[in-house]
Structure formats: structure tokens, C-alpha cells
Number of protein chains: 4
Amino acid sequence: MKVEILSYTNDPVASVEKAACVCYDSQPTEDGRIMKACIKSGHSSVVEHASFEFEISGVSRALLAQLTRHRLASYSVRSQRYVAEDNFSYVTPPSIKNNPDQLVTYDFMMKKLGEAYQALVSAGIPKEDARMLLPNACETKIVMTMNARELINFCHERMCSRAQWEIRELAVKMKEKVQEIAPEIAEFMVPKCEVYEIPFCPERKSCGRHKSLKEIVKDEQSE
Amino acid sequence: MKVEILSYTNDPVASVEKAACVCYDSQPTEDGRIMKACIKSGHSSVVEHASFEFEISGVSRALLAQLTRHRLASYSVRSQRYVAEDNFSYVTPPSIKNNPDQLVTYDFMMKKLGEAYQALVSAGIPKEDARMLLPNACETKIVMTMNARELINFCHERMCSRAQWEIRELAVKMKEKVQEIAPEIAEFMVPKCEVYEIPFCPERKSCGRHKSLKEIVKDEQSE
Amino acid sequence: MKVEILSYTNDPVASVEKAACVCYDSQPTEDGRIMKACIKSGHSSVVEHASFEFEISGVSRALLAQLTRHRLASYSVRSQRYVAEDNFSYVTPPSIKNNPDQLVTYDFMMKKLGEAYQALVSAGIPKEDARMLLPNACETKIVMTMNARELINFCHERMCSRAQWEIRELAVKMKEKVQEIAPEIAEFMVPKCEVYEIPFCPERKSCGRHKSLKEIVKDEQSE
Amino acid sequence: MKVEILSYTNDPVASVEKAACVCYDSQPTEDGRIMKACIKSGHSSVVEHASFEFEISGVSRALLAQLTRHRLASYSVRSQRYVAEDNFSYVTPPSIKNNPDQLVTYDFMMKKLGEAYQALVSAGIPKEDARMLLPNACETKIVMTMNARELINFCHERMCSRAQWEIRELAVKMKEKVQEIAPEIAEFMVPKCEVYEIPFCPERKSCGRHKSLKEIVKDEQSE
């Protein structure tokens with residue numbers, strides 16, 4: 001998986017800070033202090049003014065299906081209707097990579113699918129129909145633009161340990177890239193267990209990173 | 001492909017008519033006359049008040065990927081992370097169905113994929129990783145809710161002859177179902193070449209159903 | 001303020017329950033148990049399938065401005081461009097109603113505005129320009145459709161004691177109306193301090209209804 | 001009315017061109033040729049990747065109400081709950097400016113409203129309640145971010161001669177500002193009568209700028 005930022009709102013923190021200041025007729029700060037206060041107090045619409053355009057490659061079509069469920073973003077995706085997928089690359093999950101027996105089956109099937117796809121296309125089947133053979137593992141390339149409010153929300157959901165491994169890796173890499181450009185925004189791109197002043201896990205079963213609210217309160221009581 | 005309506009806004013035409021009348025402080029009609037006038041004059045936000053919940057089954061994951069690009073709708077989809085796909089059903093495109101040689105290849109590969117999927121799962125690979133083998137053809141089940149404004153827009157785009165066959169078939173079937181409940185709304189669910197008072201094809205290459213604007217004007221001039 | 005439900009998704013809880021069951025290939029329950037589990041575990045997109053159409057009258061244009069900031073809803077609003085506002089009704093905030101001196105000023109100004117509006121219109125000024133005189137207090141009528149996910153989110157924000165009084169009253173009344181039709185959904189329409197298993201105030205200054213997370217933990221420690 | 005661009009997606013045309021090329025696995029051009037072909041053929045989601053942040057001042061609250069009906073944009077607005085509106089500025093419509101008699105009434109009422117507002121605030125009425133007196137004409141300041149797809153759609157609707165004068169002026173000024181930065185995008189920011197290869201008015205009554213489709217065809221026939 002490779003994640004690059006293709007473009008973004010010029011001076012993203014200043015672009016948000018200026019917008020936030022219009023609400024209260026106040027003066028922008030240089031370090032995004034008003035922006036941060038807005039996010040912390042739940043007035044997060046102000047961070048919508050900054051957005052980031054990511055190029056994501058080496059990811060599976062399965063990842064694409066999950067990713068596009070986030071509707072508050074813009075997507076341009078390599079088309080399997082128009083682009084030939086001869087010799088397609090594919091993603092191999094760690095659980096299969098680490099299992100030599102199953103890896104053989106997996107790689108063999110991918111090879112066979114590639115051959116069958118080419119056979120169909122050579123026989124005159126339109127690409128948009130031949131693609132029906134292509135597996136979820138097939139690599140794709142995505143350009144996605146998300147504003148900072150949705151980026152923060154995306155990380156709340158997808159940096160959680162219970163998220164599926166591929167989209168979680170994507171969330172982590174997206175945060176790394178935003179960190180280079182706007183660390184003041186990246187600091188809010190955390191899993192949902194770290195949103196409030198005291199971290200707690202809101203899932204039914206915690207991964208162990210943080211306790212549930214009930215456990216925190218119970219612990220305190222028993223001390 | 002099977003399309004059913006699971007639920008919808010009670011009395012959909014009246015629900016829109018009443019909303020439209022609030023704008024102009026006018027009296028609702030029984031046949032949706034004000035609603036129709038609003039749609040025709042581009043004041044189409046009023047039809048957002050009525051929505052329809054469809055259950056769509058026997059369609060491919062390829063269709064799902066196209067469908068969910070329409071972001072102004074709500075989706076619940078059979079999960080390949082949680083539901084086992086042993087002996088999965090699959091969609092066969094007409095171009096393959098009508099080509100006995102290629103159909104053999106196609107069916108054979110589907111059978112092999114099913115076996116490989118089961119082998120991976122039996123060997124302890126999590127379903128969410130084994131699904132990487134599953135093809136675009138794999139059948140899925142979708143519950144989708146769309147409001148009437150987006151339904152009309154969806155048909156403008158997807159009833160066009162240049163749309164991909166599977167999503168076009170879906171658009172046609174969705175219209176049939178809406179027709180049974182709200183014909184006053186269904187009459188606006190047409191391909192984009194039939195939106196204006198005089199039909200014309202806005203695509204670069206017409207399918208022949210309607211001429212382009214330039215051709216219509218040229219024809220008139222040469223008569 | 002008067003809030004009525006004009007229409008809604010037939011059998012709203014069942015419409016959500018069926019959608020939720022498609023995700024996991026499970027069986028719908030009659031009491032919305034799967035729907036509730038989905039909401040509690042953050043899988044709240046399933047409740048988008050049910051929506052409610054409200055008619056809201058006797059509210060101010062100031063309320064309208066706040067309300068329409070919620071972009072995930074559909075609005076039809078009495079138009080000040082097309083509808084004459086002679087003898088307009090207006091909202092009086094409790095703080096003014098309870099202050100006889102200020103109430104006199106307020107009512108007097110409203111009367112004068114009504115006269116000035118009529119004078120402009122009589123002199124041939126278009127309604128869309130004469131409305132520039134109309135105050136925020138001027139009553140309006142709104143038809144708004146919101147799905148249950150956004151309804152829940154709306155209540156999290158607007159039932160908070162720190163929300164402005166008029167929109168808070170609206171949120172409370174909307175909940176009451178949903179309660180009559182779908183109590184299984186209404187039970188999630190609560191202020192944000194009551195979202196988690198242990199209530200806490202996430203605002204910087206609590207209204208006193210619930211303590212902040214830090215205070216809860218500190219209290220436990222000192223016992 | 002004053003419109004400034006505060007920020008925008010770096011290199012907006014290139015940011016779209018790169019995204020469009022991912023779909024077809026093609027090479028970006030330097031003059032946005034692929035972007036333009038996409039827009040012309042209705043594949044307009046690609047232009048969502050570029051967005052523009054506008055600061056709009058000297059406009060009325062009436063404009064704000066109309067503007068925020070465009071839900072696919074991000075808004076930060078000067079708050080009448082938090083910011084004092086003593087000595088507020090106000091917008092005067094041309095129809096009133098050009099009518100000396102009515103202008104006297106209008107200006108007098110604005111002065112009186114300002115005094116009444118201050119009286120209420122001095123008497124301890126909260127700003128959020130005193131604002132109920134403030135007129136639609138009251139000036140506000142808005143920061144709005146819109147992506148290029150919505151900008152194009154906004155101009156289709158609001159550059160139409162039948163649009164209300166203040167929002168039409170805004171659309172024209174927004175286009176002028178985008179023109180300076182991305183003329184390749186601004187060329188698509190036109191009223192809806194100029195969307196297709198042959199201009200025509202889709203409204204029920206044309207302003208005269210372009211004929212209706214029926215008139216164009218009838219004219220051709222009678223020649």
C-alpha cells in the first residue's frame with residue numbers, strides 16, 4: 001500500500017482558523033488555537049474548510065468497497081470497465097502470507113484468474129464483463145479527497161483495533177501524511193477511544209488498549 | 001436480479017405535495033399537480049420528502065461498487081467479513097452466457113474459486129481474508145433507501161443506453177416498483193435524453209434513441 | 001411552536017431491522033433488537049432507512065437559520081419571496097416575555113415593522129426586497145424530513161442544555177412525536193451527555209445535569 | 001458585497017486532471033484537457049477534488065438563508081448569538097435605493113431597530129434573544145468552501161436571470177474570483193441555459209437571453 005498527498009488546501013490550518021474567527025468576530029492566531037478550541041468543544045464544522053487529496057495505490061478492491069461507504073468524500077477510481085486488467089497485481093493478507101500452504105493455493109488461483117480473464121478478453125468478451133472474474137484482492141488505485149472533519153471522523157472509526165486490517169493501515173498512513181503538512185490537524189486523527197479527555201473504549205469488547213467506561217469507574221471505586 | 005420495495009414514505013405523493021404547498025402557502029391537490037410543476041421547473045428539492053427502501057438481490061459485487069458511488073442514499077449490504085460465502089451464487093453476464101466456450105471457462109473458474117475459498121476458511125484463514133479470493137461476480141444482497149429526487153437523478157444517469165447493463169437493469173426494475181406505488185413520481189424516472197420538453201441526447205455519441213441537439217437543429221434547417 | 005408528523009417510513013422499526021439483518025444474514029426480530037444492537041455498537045448507518053417528515057410552525061426565521069445548518073435533511077420553507085408577510089406573526093423569547101418594559105419596546109417595533117413592510121409593498125417594492133425589513137422573530141413554517149440517524153445526532157446536539165432555547169424546544173417536541181410512532185428509535189434521541197453507558201458531560205462547562213469525565217473519575221478516587 | 005478567496009486546493013486544475021487520469025489509466029495534460037472532457041461528458045465527480053474557500057461580506061442575512069440551502073458546501077458564519085450587533089450595517093436593495101420616498105422609511109426603520117436592539121441588550125436581554133429584532137437586511141460575514149462541481153452547479157442555478165438579485169450578484173463575483181485562479185474551471189460556471197452545445201432556456205418563462213427548446217425548433221421549421 002502506498003499513500004501520497006497529491007494536493008491540499010493552501011495553508012490548511014490558517015484556512016480553518018480564519019473561518020472560525022468569522023463566527024466569533026475574533027482574531028486568528030498563528031498556531032491554530034481557535035481551531036483547536038472549536039474541535040474540542042464539538043464545533044467541528046470549521047475544519048471542513050481544509051481538505052486533502054490522497055493518491056492510494058496497491059490496495060484491494062475489497063478496501064475500495066469499504067472505503068467508499070464513507071460518503072462524505074470524493075473518489076476517482078481506476079475503472080475495471082475501461083482499463084485492461086491483464087497481469088493484475090493483487091493484495092495478499094498477512095494471515096495468508098504467513099501460511100505457506102494456503103499461500104500456494106492463493107497465488108495459484110490468482111494466476112489462473114489472470115489467465116481466464118485474458119482468455120475471455122481475447123475471445124471478444126467486453127472488459128466490463130470479463131472483470132466479473134476479477135477477485136476482491138485485485139489491486140486498484142484511488143484518488144480520494146476528504147475534508148479534515150471527515151478525516152478526523154474516519155480515523156475515529158478506522159484506527160480502532162477492531163477495524164479491518166487493510167483500512168486500518170490506510171487510516172494510519174493517511175494520518176502520517178497529514179502530520180507532515182498540518183500536525184495541528186493530525187493530532188485529532190485518533191481512534192475513537194482517545195476522543196475524550198480521559199480515554200475509554202466505547203466498543204462492546206475492548207482490544208485492551210483502553211478500558212471501558214464501566215471498568216474505569218469500577219476500578220476507581222475499588223481502590 | 002430481484003428488486004422488491006420493503007418500505008416507503010406513507011402516501012409519498014401527498015407527503016411531497018404538502019411540503020411543496022408550504023413554500024407558496026397554497027392548497028395541496030389530490031393528483032400531485034403542484035409536485036409535478038415543481039419538478040418540471042427545477043424546484044426538485046421538494047421530492048426529497050418521499051423515499052423508497054429497496055431490497056436488491058441476485059446482483060454482483062461489481063454492481064454494488066457502481067451503485068455505492070451514488071452517495072445520496074443509504075446502504076446496508078451483506079457482509080463478506082461476517083457472512084460465510086461457501087457455495088456462493090454468481091452473476092453471469094449475457095455476453096458470456098451466450099458464448100458456450102467462454103461460459104465453460106467462466107463456470108469452471110467460479111467452481112474453483114468456491115473450493116479455494118472453502119479450503120482457506122477450513123485452514124483457519126479468517127473470512128475477511130479468505131474473501132480476497134471472491135470474484136466481482138459473487139452475488140450480494142443490498143438494502144438501499146433513496147429519496148425520490150435522487151431516484152429521478154439515478155434514472156437520468158443509469159437508464160441511459162450507455163450505462164453498464166447490470167445497473168441499467170436495476171434502474172429499470174426500480175422504476176417498475178415505484179410505478180406501482182407512485183406513478184406520479186415514476187413518470188419522471190427517465191433517461192437523461194428525455195428530461196426536457198423536446199428529447200435529445202446529451203452524450204457525445206448517441207445510441208440512436210434520440211438525436212443530439214445539433215442534429216435536431218440541423219435537420220430542421222435542411223427541411 | 002407546533003410540531004406535527006406529516007408522514008414517515010411505513011413500519012419504521014421493521015424497515016431498519018430488515019436492513020440490519022441483511023448485513024449479517026440473520027433473522028429480523030419483532031422488537032427491533034438487532035437495530036438497537038447496531039446503534040449501540042456504532043453501526044448506525046442502518047437507521048438511515050427510516051425517516052420522518054415534520055411540519056414545524058410558529059417558529060422564528062432565526063430558528064430556521066440554525067436548523068438548516070443541519071445539512072443531512074430535506075427542507076421546504078414558506079417563501080418570503082413569494083408569500084406576502086402582511087400582519088406577520090412573530091416569536092417572543094421568554095426573556096422578553098417576562099420583562100414587561102422590554103416587551104413593550106419589542107411589540108411596538110414588530111408593529112412598526114409590519115406597517116413599514118406594507119408601506120413598501122403598497123409602493124410597488126417587490127416582496128423579495130420588502131422582506132429585507134422583516135425581523136428574525138418573524139414566524140415561518142417548515143416541512144423537514146430527517147432520517148433516524150440524523151434525528152439521533154440532532155438530539156445529541158440540540159437537546160443539550162447549552163443549545164439555544166428555541167431549537168432545544170424543537171428537538172424535545174420532535175422526540176415526543178417520534179416516541180408515539182417508534183419508541184424503539186426515540187429512546188436513542190437523547191442529549192450527548194447520555195450517549196454512553198455512564199452519562200457524562202463532554203462540554204467545557206457542564207450545566208449540572210451530568211459531571212465531566214474528569215470529575216467522575218476524581219470523585220471515585222476521593223471516596 | 002465583497003467576495004475574496006481565502007484559500008483553495010493547490011494547483012486546482014492539476015489536482016483534478018491527475019484524479020481523472022487515474023480512472024482511465026491515462027496521462028495528465030498541462031491544460032486540463034481530460035478534466036474538460038470529463039465535465040462535458042457528465043463525468044463531473046472528478047472536479048470535486050478542487051475546492052475554493054470564499055470570504056463573503058456585506059451581504060444580508062436573507063442571502064445567507066438562500067445560500068445555506070446549498071447543502072454540499074461548508075459554512076462558517078458570523079454569529080448573532082455571540083457577536084453584538086450594535087450599529088449593524090445593512091443591505092439596501094436597488095429597488096429601494098432608487099425610490100427616495102421608500103428609502104427614507106427603510107433607513108428610518110433600520111435606525112430604530114438598531115436603537116431597540118441596543119435598548120434590549122442594555123436592559124440585560126441576552127444577545128441571542130435581542131437578535132430577534134434584527135432584520136433580514138442586517139449584514140453578515142460568511143466563509144464558505146465549495147468544491148468545483150458544486151460551484152458549477154451553483155452557477156447553473158444562481159446565474160440565471162430569474163434568480164434573486166443578491167445571490168445572482170454573489171454567483172457572478174464568485175466566478176470572477178475563480179477565473180483569476182482556474183479559468184479552465186470558471187469557463188463551466190455559466191447559467192443553466194448555456195450548459196449544452198446549443199444554448200436554450202429550460203425555465204417556463206425565458207428572460208429573453210435564450211429561447212426555449214420548442215421555440216428554437218419551431219423557428220427552424222418556419223424558416
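This is a predicted model: local features need pLDDT of at least 70, side-chain atom pairs count only at pLDDT 80 or more; totals for chains, interfaces and linings use all residues.
1. Two strands pair if DSSP finds at least two bridges between them. Strand β3 (residues 74-77) of chain A is joined to strand β4 (residues 139-147) of chain A by four bridges, and the two run antiparallel. Within this pairing, A:V143 in β4(A) stands opposite A:S76.

2. Strand β3(A) is covered on both faces. A:S74 and A:S76 lie on one side, A:Y75 and A:V77 lie on the other, and all four are buried.

3. The contact between chain A and chain B involves 36 residues of chain A and 36 residues of chain B. On the chain A side, the elements that contribute two or more residues are α3 (61-67), α4 (94-97), α5 (100-122) and α6 (127-130). Helix α5(A) supplies the largest share, with 10 residues. Classified by residue type, this side of chain A has 20 nonpolar, eight polar and eight charged residues.

4. In chain D, the axes of helix α1 (residues 12-24) and helix α2 (residues 33-40) come within 8 Å and cross at roughly 70°.

5. From α1(D), D:V13, D:V16, D:E17, D:A20 and D:C21 take part, and they meet D:I34, D:M35 and D:C38 of α2(D). By class, the residues of the contact of α1(D) with α2(D) comprise seven nonpolar, no polar and one charged.

Technical notes
Residues are numbered from 1 along each chain as its sequence is written. Chains are lettered from A and ligands numbered from 1 in the order in which they are written. Axes are lines fitted to C-alpha atoms, for helices over the stretch in contact, and angles run from 0 to 180 degrees between N-to-C directions. Two residues are in contact if their C-beta atoms, placed from the backbone, lie within 7 Å. Ala, Val, Leu, Ile, Met, Phe, Trp, Tyr, Cys and Pro count as nonpolar, Asp, Glu, Lys and Arg as charged, and the others, Gly among them, as polar. A residue is buried if 20 or more other C-beta atoms lie within 10 Å of its own, exposed if 12 or fewer, and partly exposed in between; C-beta atoms are placed from the backbone.
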